[in-house]
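Visitor: I'd like to learn how to read helix packing, sheets and ring pairs in a model. Could you take me through one?

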Amino acid sequence: MAPSRTVLIAGAGVGGLTAALAIAQRGFRVVVLEQAQRLDQVGAGIQLSPNASRVLIALGLGEHLRPHVVAPEELRVMHAQSARMLARAPLGAFAQQRYGAPYWVIHRGDLQTVLIDAVHANPDITLRLATRVEDFALHRNGVTISVLASQRASEERGAALVAADGLWSSLRTRLGHRGEARFARHTAWRALMPADAVVSDLRAPVVNLWFGRDAHLVHYPIRGGSLINVVAIVRDDWREPGWSAPGDRDEILARYPTGKWPPPARAILGAAPSWHKWALYDRPPLAQWGTGAVTLLGDAAHPMLPYLAQGAAMAIEDAAVLAERLSEAPDDPATAMRGYERVRRSRTARAQRAARRNGTAYHIGGAGALLRTVALLAMSGGRLIKRYDWLYGWKPT
């Protein structure tokens with residue numbers, strides 16, 4: 001296919017791969033360029049709320065995802081020190097009926113595998129590993145990118161370029177966005193364990209969220225219920241970049257001491273055979289994302305803290321909207337990309353702000369914690385989940 005119908009995507013994460021599938025579905029050829037030499041199954045479990053799952057199902061991935069997912073029946077919010085249940089919110093059948101799509105949890109690596117398999121099966125998509133996009137130049141007929149592969153430089157032309165190269169995006173900088181990522185003074189620790197390593201109550205198809213002072217804990221089953229995913233988030237000054245620094249089991253247990261954290265929470269922390277950690281960053285919302293036939297997608301555009309569980313979902317939404325705008329203006333990708341950005345900027349900024357607010361509420365102490373508890377007790381049940389109608393009820397337009 002001619003360069004005038006080729007869309008170049010830098011980055012083969014969840015957002016980049018979903019964008020490739022969605023854009024190819026609209027009749028374009030897509031070339032995905034990823035600097036990693038291989039796509040390893042790294043990362044923690046992620047939540048695919050209905051706003052994300054509906055996009056993946058529309059791409060024909062539903063049956064491929066179902067063996068890997070768990071559809072949690074509810075969200076349980078627990079108080080760390082007292083072990084009291086503060087709130088319960090229905091998911092499962094309630095979410096399916098209310099939003100028209102399921103609420104799933106899945107390991108990021110399993111989602112990535114399904115996306116990669118679909119990319120490889122699509123003759124209109126080319127995936128190139130060990131290939132880094134170094135720079136780009138706009139011209140009348142689209143964009144030319146400079147790439148580095150096996151220490152050899154080359155160029156490639158296309159109609160448009162999508163920078164989906166993550167939080168530390170170099171193409172974001174090339175677009176003139178010079179601001180530094182904001183360190184949130186928290187680290188996230190992740191672990192996986194066999195489901196039979198914990199008591200039956202902790203294996204239930206439920207998203208469990210524990211609130212404590214300067215720390216919280218999330219755990220839920222994934223991989224069809226065979227594994228338990230655990231994420232522990234603590235206040236910390238450690239800020240090294242990356243996703244997979246080794247974590248010490250004794251260190252994370254010390255952050256959740258007896259007396260401040262109940263036996264069930266400490267039991268699931270102690271059952272993990274190994275830990276990895278990463279520092280949490282986000283960036284302020286941008287007033288403008290791209291220029292010409294170049295735009296940003298996912299964390300490259302709007303990295304957010306994990307307290308809304310929407311990082312992957314927002315990238316998946318981006319992919320669907322970008323593909324739709326390109327299909328509406330196939331001969332004018334610059335116009336398509338500005339239209340995409342207009343639709344996405346306000347929504348992703350709202351999600352970023354909501355994630356930051358949740359982070360404050362999750363870790364607050366003193367009188368603030370008491371007010372949080374009273375509010376949660378008043379909202380338990382369907383009222384709690386309905387607060388997120390604006391988020392989960394989204395559909396591509």
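Guide: We'll go through helix contacts, then sheets, then an aromatic pair. This is a predicted model, where local features need pLDDT of at least 70, side-chain atom pairs count only at pLDDT 80 or more, and totals for chains, interfaces and linings use all residues. Residues are numbered from 1 along each chain as its sequence is written, and side-chain values use heavy atoms, with hydrogens and water left out.

Visitor: How do I read a pair of packed helices?

Guide: Two packed helices are described by the angle between their axes and the distance between the axes. Here axes are lines fitted to C-alpha atoms, for helices over the stretch in contact, with angles from 0 to 180 degrees between N-to-C directions. Helices (H or I, at least four residues) and strands (E, at least two) are DSSP runs, numbered from the N terminus. Take helix α1 (residues 14–25) and helix α9 (residues 311–328): their axes come within 8 Å and cross at roughly 25°.

Visitor: What orientation do α1 and α9 have to each other?

Guide: They are roughly parallel because of that angle. Angles under 35 degrees count as roughly parallel, over 145 as roughly antiparallel, 65 to 115 as roughly perpendicular and the rest as oblique.

Visitor: Which residues of α1 and α9 meet?

Guide: From α1 come Val14, Gly15, Thr18, Ala19, Ala22 and Ile23, and from α9 Ala312, Ala315, Ile316, Ala319, Leu322, Ala323 and Leu326. Contact means heavy atoms within 4.5 Å. The residues of this contact of α1 with α9 come out as 11 nonpolar, 2 polar and no charged. For the classes, Ala, Val, Leu, Ile, Met, Phe, Trp, Tyr, Cys and Pro count as nonpolar, Asp, Glu, Lys and Arg as charged, and the others, Gly among them, as polar.

Visitor: And how do α2 and α9 cross?

Guide: The axes of helix α2 (residues 50–58) and α9 come within 9 Å, crossing at roughly 45°, so this pair is oblique. α2 passes α9 in a left-handed crossing. On the α2 side you'll find Asn51, Ala52, Val55 and Leu56, which meet Ala313, Met314, Ile316, Glu317 and Ala320 of α9. The residues of the contact between α2 and α9 split into 7 nonpolar, 1 polar and 1 charged.

Visitor: On to sheets. What is the strand order in the sheet of 8 strands?

Guide: That open sheet runs β5-β4-β13-β14-β15-β12-β17-β16, with mixed pairing. Two strands pair if DSSP finds at least two bridges between them. β5 (85–90) and β16 stand at the edges with a single partner strand each, so one side of each has no neighbour in the sheet. The twist averages 25° from one strand to the next.

Visitor: How many bridges join β4 to β5?

Guide: There are 5, and strand β4 (residues 74–79) runs antiparallel to β5. Arg76 has Arg88 in β5 as its bridge partner, and Glu74 has Pro90. The hairpin of β4 and β5 has 5 residues between the strands, with Ala83 in the turn at a positive phi of about 65°.

Visitor: Which strands make up the sheet of 3 strands?

Guide: The order is β8-β9-β10, an open sheet with antiparallel pairing. Strand β8 (residues 131–139) and strand β9 (residues 142–149) pair over 8 bridges, and a hairpin joins them through 2 residues. One of the bridges pairs Ala137 with Thr144 in β9. Then 7 bridges join β9 to strand β10 (residues 152–158). In the hairpin of β9 and β10, Ser150 takes a positive phi near 55°.

Visitor: Last one: how do I read ring pairs?

Guide: A pair of aromatic rings is described by the distance of the centres and the angle of the planes. Rings of Phe, Tyr and Trp (its six-membered ring) pair if their centres lie within 6.5 Å; planes under 30 degrees apart are stacked, over 60 edge-to-face and the rest tilted. The whole structure has 10 aromatic pairs. Among them is Trp243 with Trp278, a tilted pair at 5.8 Å centre to centre and 45° between the planes. The two are 35 residues apart, with Trp243 in the loop between β15 (227–235) and β16 (245–247) and Trp278 in strand β17 (residues 275–282).

Technical notes
A crossing is left-handed if the near helix is turned anticlockwise from the far one by less than a right angle, and right-handed if clockwise.
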